[in-house]
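Biologist: Before we talk about any details, could you put the structure up?

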Amino acid sequence: MQQYVVANWKMYLDHNGVQELTQGMVKRVMDSPKPLPKLVLCPSHPYLMPVYEHIKGSHISMGAQNCHPEKYGPHTGEVSVAQVKDVNAEYVLVGHSEHRNEHAEQTSEHLNFKAKVVIEHGLIPILCIGETAEERASGKAKAKIAQQVADEIPKSVHPGQIMVAYEPIWCIGSDRTPSKAEIEDMHETISQELKAQVPNGNLIPVLYGGSVHAKNAKAILECKGVHGVLVGRQAVKLEELWKILNCKDE
Ligand code: PGA
């Protein structure tokens, strides 16, 4: 299966930073003599257009960090999937834990609907799921992510229309990552649940996210059931992101 490196730039960069990083990555990816994982850049909404201007014609794709599920209408301050599609985004992060945390309306029902609307527009939702430290400590981690998959993956979806990112909340923005055994165990649970929900659900790519950096990316990408990484802080540094993209060679 194709491997992915998704760069979630969160609210970190200004216009100059976005431009430098994007231009740097485009040059390196275009000059690379060997095939690389699929790189998806997810800038803040104001930078979708300038990022696209740099990546068009390259093998790099672009995603939005969120969108509103309504197609059109009086939603001040919101951005619709039609709008992010209009500026050539191909992916949308759906249900990132930081966004769930700051927006109470991001319930499983809402996220299921959002993912469905994203798919209807021909874009690929990257559904982010994961457990808190408390849920893990009390033995509820697997039940939590299985429930998220069951409730948030739209019915009648086909593999190829959606991706999942397993992002343990206790690892995001920290220095902690789960062990190889823990990652494989959680990815196995997700894979079982996807198979139960979706015909050929085992073909849906499942990424790992949470404190990925150049030194642990290779080991994470070698975990069974991991088809890519979703990278936050380390994805805003050109050298780090490039090393993560090339980590297989190390
Ligand atoms: P991090 O963020 O790499 O900074 O931990 C990952 C994410 O939130 O997607």
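Biologist: Which residues lie nearest the centre of the largest pocket, and how many line it?

Modeller: Bear in mind that this is a predicted model. The lining of the largest pocket comprises 25 residues, and those nearest its centre are Gln65, Asn66, His99, Glu102 and His103.

Biologist: How much space lies in that largest pocket?

Modeller: The space in the largest pocket comes to about 670 Å³.

Biologist: And which helix gives the most to its lining?

Modeller: That is α4, which contributes 3 residues to the lining of the largest pocket. Both α4, spanning 97-102, and α5, spanning 108-120, supply at least two lining residues each.

Biologist: What is the lining like by class?

Modeller: Sorted by class, the lining of the largest pocket holds 12 polar residues, 7 nonpolar ones and 6 charged ones.

Biologist: Switching to the ligand, how many residues surround it, and which are the closest?

Modeller: The ligand is surrounded by 13 residues, and the closest of these are Lys10, His96, Glu167, Gly173 and Arg233. By class, the shell around the ligand divides into 6 polar, 4 nonpolar and 3 charged residues.

Biologist: What about Lys10, how far is its side chain from the ligand?

Modeller: A polar side-chain atom of Lys10 is 2.7 Å from an oxygen atom of the ligand. For His96, a polar side-chain atom lies 2.7 Å from a ligand oxygen atom, and for Arg233 the distance from a polar side-chain atom to an oxygen atom of the ligand is 2.7 Å.

Biologist: How much of the ligand's accessible area does the protein cover?

Modeller: On its own the ligand has 280 Å² of accessible area, and the protein covers 100% of that.

Biologist: Now the overall fold: how many helices and strands are there?

Modeller: The protein chain has 10 helices and 8 strands. Its C-alpha atoms fill a box of roughly 50 × 45 × 30 Å along the principal axes.

Terms used:
Residues are numbered from 1 along each chain as its sequence is written. This is a predicted model: local features need pLDDT of at least 70, side-chain atom pairs count only at pLDDT 80 or more; totals for chains, interfaces and linings use all residues. Side-chain values use heavy atoms; hydrogens and water are left out. A residue is near a molecule or strand if one of its heavy atoms lies within 4 Å of it. A polar contact is a pair of N or O atoms within 3.5 Å; within protein, one must be able to donate a hydrogen and the other to accept it, and residues adjacent in sequence count only if both atoms are side-chain atoms. Accessible areas come from the Shrake-Rupley method with a 1.4 Å probe; for residues, only the protein chains shown count as cover. Ala, Val, Leu, Ile, Met, Phe, Trp, Tyr, Cys and Pro count as nonpolar, Asp, Glu, Lys and Arg as charged, and the others, Gly among them, as polar. On a 1 Å grid over the protein atoms alone, a cavity is a set of points where a 1.4 Å probe fits but cannot get out, and a pocket is an open set with protein on both sides within 12 Å along at least five of seven lines; lining residues have an atom within 4 Å of a point. Grid points are joined across faces, edges and corners, and a volume is the space filled by probe spheres set on the points. Helices (H or I, at least four residues) and strands (E, at least two) are DSSP runs, numbered from the N terminus.
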